[in-house]
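I opened the model to go through its core, its sheet, its domains and the contact between its chains. These are my notes, in the order in which I looked things up.

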Amino acid sequence: MTLKLEAISPAEGIGIIRSDQTLRLVRPPYVLHGAPVLPEDSVQDAILRHGFSAAQEQFDNWKDAIVFLNQQAVAARRSLGKEIPDAISGKDILNVAPSEVLSSFLDRVEREIIPQRLFDNAEDFLLAFLASRALGHQPELGARAAALLQRNKEARKKSEAGISELANRDIRFPSLEQKQGDFALSVRLTKLIRERGCVFATGF
Amino acid sequence: MDAMLDLFEIARGNANAVQAAFTSAVATMSPDQAALVHEFAAWVEEKALVSINVKLFVIVDFLNGGRYQNIHEWAQEQSRLSGRSAEDALRERLHKFYDKRVAFDRAFKGGEQFRYGALNAGGAGLPEYDPWCIILTRDFITSLPDIAYLPGDSLTICFSADGAFDVSVVEGRTAPHTHRHLMVAKERASEVPLTDKRDWAGIVASPGRYFEVIFIGDVSLNAVECVRVLKTEYDRMWDMAFASFGRKLGVAERALVHDFVQMRRGVVDGRIQVEVVA
């Protein structure tokens, strides 16, 4: 697969890349299935009217293309005397978020982050949330964040207790072990299949 | 060398012709339809402002005291920073599209100072590649001595199929600020009766189809009425910001989120207004 970069907006690491016959707008966070497919005249449009630069680099894979776009973002900003920070402070993000966004962030912690057992992430987020200036105007969001922090703590405790219980048991094939003889039969069958190199009992 | 054209003088000289073309277009319509087109023209005059779609870092530059750069000013800056010629920077950036850009800009007096925008009566302008749509204030627009309107993208309508610059389009179809609404109404006369009034903004500007505005003047934060952005892009930025709590963002992601936080700080501090549109 050859990927051809046809236009680039270096300061934002955005590229228009041709893969086979398809042009795509490739931009952070570089999720390929979310990369819009562009019409053929988009390269001219982007360069003549929207501040993109012409480009001709080619890449063997998407990973290399994305590394290049990231490098261009650093170089373009550095040439203007601007450095990209190593990290974005969570508190800075939360301090400028409007209430509907703060509320949607809490929804995501409740519906996605805690159920996925990303307890450290949830805790980091909620502690930053509770320390942010935004709460000065939104006391009800603070109460909700505190409740989620407690729920996260309980979910973590429950999850750790479950892991610990599993670690203390031999749970390789619990259902087979419960049925007397089934486990031993499975071991014999496995041995037979390995010896004849086939799951079928034929002579070939 | 050919004498340079004065785009704005041409536009001012076209005032009567634009008026006549509008009058002629509505004369062929039924009284009801003609009245609706007159209403549309008045609506455009009242509502439409000038927009420029930009990338997020341009708004951050505005907040930090910067001003909008056109491509020629960008090339000059590159020359100052790198020591190579501005012409080389321009050629490298535009590559095979260099001739077209330069043919248009250099045909006109002051052409390398031109800023290009679009008439905007609502919506996020032309957001495909530049999602952030700056709307310029009415005061700024009316204070501009040099401003002209074209019924489409200049690099499309002013060039023939073989790529030659066709000056007759500029001479025949450019309108001055005072007659912009009549040009828009004449061009969209057949669509107005078929379009719900709530969708009129869409026939003024939509991706790939718009009225170009060319002017000379410095654009900085003072000239900005508000910034419009599509909800999909706005949500995308918040998604990236939220992702920073769970993982270390890539460097370009961090650059964007950093810009976004700075822009939002400008909103919180009341220095800039952002409208999120569907």
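This is a predicted model: local features need pLDDT of at least 70, side-chain atom pairs count only at pLDDT 80 or more; totals for chains, interfaces and linings use all residues.

I began with the largest nonpolar core, which has 125 residues, and found that A:Ala7, B:Leu119, B:Ile134, B:Ala185, B:Phe211 and B:Val213 touch the most other members. By nonpolar core I mean a set of buried Ala, Val, Leu, Ile, Met, Phe, Trp, Tyr and Cys residues joined through C-beta atoms within 7 Å. A residue is buried if 20 or more other C-beta atoms lie within 10 Å of its own, exposed if 12 or fewer, and partly exposed in between, with C-beta atoms placed from the backbone. Helix H14 of chain B (residues 251-268) gives the most to this core, with 8 residues. I noted beside this that nonpolar side chains tend to be buried together in soluble globular proteins.

Residues are numbered from 1 along each chain as its sequence is written, and chains are lettered from A and ligands numbered from 1 in the order in which they are written.

For A:Ala7 I listed the contacts, leaving aside neighbours within four places in sequence: A:Gly15, A:Ile16, A:Val43, A:Ala46, A:Ile47, A:Phe52, A:Ser53, A:Ala54 and A:Ala55. Two residues are in contact if their C-beta atoms, placed from the backbone, lie within 7 Å.

I then turned to helix H11 of chain B (residues 180-187), which is largely enclosed by the rest of the structure because 7 of its 8 residues are buried. Helices (H or I, at least four residues) and strands (E, at least two) are DSSP runs, numbered from the N terminus. The buried residues of H11(B) are B:Arg180, B:His181, B:Leu182, B:Met183, B:Val184, B:Ala185 and B:Lys186. In chain B they pack against helix H2 (15-27), helix H3 (31-47), strand S2 (115-120), strand S4 (147-150), strand S5 (175-176) and helix H12 (200-204).

Next I traced the open sheet of 8 strands in chain B, whose order is S5-S4-S6-S2-S1-S3-S7-S8, with mixed pairing. Two strands pair if DSSP finds at least two bridges between them. The edge strands are S5 and strand S8 (274-277) of chain B, each of which pairs on one side only. Strand S1 of chain B (residues 49-54) pairs with S2(B) in the antiparallel sense over 3 bridges, and B:Leu49 stands opposite B:Asn120 in S2(B).

Is B:Lys231 buried or exposed? B:Lys231 counts as exposed because it has 11 C-beta neighbours inside 10 Å; it lies in helix H13 (residues 231-243) of chain B. Beyond its neighbours within four places in sequence, B:Lys231 is in contact with B:Val276, B:Val277 and B:Ala278. The C-alpha atoms of B:Lys231 and B:Val277 are 5.6 Å apart, although the two are 46 residues apart in sequence.

I compared this with B:Gln69, which counts as partly exposed because it has 16 C-beta neighbours inside 10 Å. B:Gln69 lies in the loop between helix H4 (56-63) and helix H5 (71-82) of chain B, and it touches B:Trp74 and B:Glu77, not counting residues up to four places away in sequence.

I looked up the domains, whose bounds come from an automatic or database domain assignment. Chain B is divided into domain 1 (7-70 + 114-277) and domain 2 (71-113). Their contact takes 12 residues from domain 1 of chain B and 14 residues from domain 2 of chain B. In chain A, domain 1 (3-79) and domain 2 (90-167) have C-alpha centres separated by 35 Å.

Last, I checked the contact between the chains, which takes 33 residues from chain B and 35 residues from chain A. H14(B) gives the largest share of chain B's side, 12 residues. That side of chain B divides into 19 nonpolar, 5 polar and 9 charged residues, where Ala, Val, Leu, Ile, Met, Phe, Trp, Tyr, Cys and Pro count as nonpolar, Asp, Glu, Lys and Arg as charged, and the others, Gly among them, as polar.
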